[in-house]
Amino acid sequence: MKVLKFGGTSVGSPDRMKNLVPLINDNEQKIVVLSAMSGTTNALVEIANALYAKENDKAKQLIDALEKKYEAVLKELYSKESS
């Protein structure tokens with residue numbers, strides 16, 4: 001059985017994610033693992049550091065920015081024009 005793992009820049013944008021479809025959708029059984037999008041791990045570390053330093057306002061801003069990034073990606077992935 002194949003195990004395919006994608007993360008970082010390979011899933012860093014909606015277009016990059018869409019480029020993975022032919023690799024995944026080939027009628028072979030496989031396990032597909034997705035890890036964090038490009039920049040996510042660094043953002044989470046920055047959030048953790050802000051929380052550790054009790055910089056709650058900064059942490060909230062960083063969390064909001066990360067959430068907006070993912071919302072924009074989801075919006076593009078599921079838009080009707082992007083088939």
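Let's start with Gln-29, which is exposed, its relative accessible area being 66% (exposed means over 50%, buried under 20% and partly exposed in between, using a 1.4 Å probe and protein chains only). This is a predicted model, where local features need pLDDT of at least 70, side-chain atom pairs count only at pLDDT 80 or more, and totals for chains, interfaces and linings use all residues. Residues are numbered from 1 along each chain as its sequence is written, and side-chain values use heavy atoms, with hydrogens and water left out.

Gln-29 sits in the loop between α2 (21-24) and β2; helices (H or I, at least four residues) and strands (E, at least two) are DSSP runs numbered from the N terminus. Setting aside neighbours within four places in sequence, Gln-29 is in contact (heavy atoms within 4.5 Å) with Met-1 and Lys-2.

Next comes helix α4, which covers residues 56-77. Its 22 residues reach 31 Å from first C-alpha to last, close to the expected 32 Å, a span given by 1.5 Å times one less than the number of residues.

The buried residues here are Ala-59, Leu-62, Leu-66 and Val-73. They fall within an arc of 70° seen down the axis of α4, so they line one face of the helix; the arc is taken from the directions from the helix axis to the C-beta atoms. These buried residues pack against α1 (14-19), β2 (30-37) and α3. On the other side of α4, Asp-57, Gln-61, Lys-68 and Lys-75 are exposed.

Thr-40 is buried, at 6% relative accessible area. Beyond its neighbours within four places in sequence, Thr-40 is in contact with Leu-66, Lys-69 and Tyr-70.
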